[in-house]
Amino acid sequence: MIILKSTSEIAAMRRAGQVVARAHELLKAHIKPGVKTKELDALVEDFFRKEGAIPAFKGYRGYPACICASVNDEVVHGIPGERVLKEGDIIGVDIGAIVDGYCGDAAWTYPVGQIEPRAQDLLEVTEQALYRGIAQMVAGNRLTDISHAIQSFVEERGYFVVRDFVGHGIGRAMHEEPQVPNFGPPGRGPVLKPGMTLAVEPMVNSSDYRVRIAPDQWTVYTLDGGLSAHFEHTVAVTEGEPLILTAL
Ligand code: MF3
Ligand code: CO
């Protein structure tokens, strides 16, 4: 069942979304060569504590940290730790917060210092793919109009959309119905209605869509060792334009 949110519930989700957006702002300034991914996690956890927000990921199915930090060929769900960022890396950071019982969820992939043009292009295409998907979040469209917009844009640019992980409905729970694939034909699935809130999150690989899960049972890697990028916003369908709840 898809849970439609009232205007006041969307306002609450926006408060959660704003905490997530500000956590990303804070992080951005700290992402540079020499920093350990666990230091980024600590930064966000501290910020959440000051804001009175609950980390949505920590403890979720036993996940041990506040953020996911996925470097280079890590697609999603990298666990922060002793890894030291180096010049030329890219790092996907996924952050989720609960405020007044409602969730916000957003991911961004950041360059570490100067990165190669090919990596830069992958980031730009994945970010743009996210906005192509969001642009389809208009009442009356069908769910997979989002999916198709993302896949067609990504493949036009010569990249590959991950199949094994998808976006999702979000609200009081981080994961609600429906699933939001980043691939597939348009015009299928539920009709989008005002009050639907979705986390749209393309994961884009540079050379092969396939992935594998590490022995830690969390970290998802590209199968072929190629680079991967991930961008995500929590977005509400309204009577008009889509409302991005995790944008500042
Ligand atoms: N944004 C991710 C998702 O929606 C975050 C889940 S990470 C987890 O699936 F650690 F919480 F599982
Ligand atoms: Co998500």
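Mentor: Start with a polar contact, a pair of N or O atoms within 3.5 Å. Here, a polar side-chain atom of Glu232 is 3.2 Å from a nitrogen atom of ligand 1. This is a predicted model, where local features need pLDDT of at least 70, side-chain atom pairs need 80 or more, and totals for chains, interfaces and linings use all residues. Residues count from 1 along each chain as written, chains are lettered from A and ligands numbered from 1 in written order, and side-chain values use heavy atoms, without hydrogens and water.

Trainee: How much of the accessible area of ligand 1 does the protein cover?
Mentor: Accessible areas come from the Shrake-Rupley method with a 1.4 Å probe. On its own ligand 1 has 330 Å², and the protein covers 94% of that.

Trainee: Which residues are closest to ligand 1?
Mentor: A residue is near if one of its heavy atoms lies within 4 Å. Ligand 1 is surrounded by 13 residues, with Tyr63, Asp94, Asp105, His168 and His175 the closest. Asp105 places a polar side-chain atom 3.0 Å from a ligand 1 nitrogen, and a side-chain N or O atom of His168 is 2.7 Å from a ligand 1 oxygen.

Trainee: What coordinates the cobalt ion (ligand 2)?
Mentor: Donors are N, O and S atoms within 2.8 Å of the metal (3.2 Å for Na, K and Ca); water is not among the atoms, so sites may look incomplete. The cobalt ion (ligand 2) is coordinated by Asp105 (OD), His168 (NE2), Glu201 (OE) and Glu232 (OE), at 2.0 to 2.4 Å. Along the sequence, these donor residues follow the spacing D-x62-H-x32-E-x30-E.

Notes: Polar contact = N/O pair within 3.5 Å; in protein donor to acceptor, adjacent residues only side chain to side chain.
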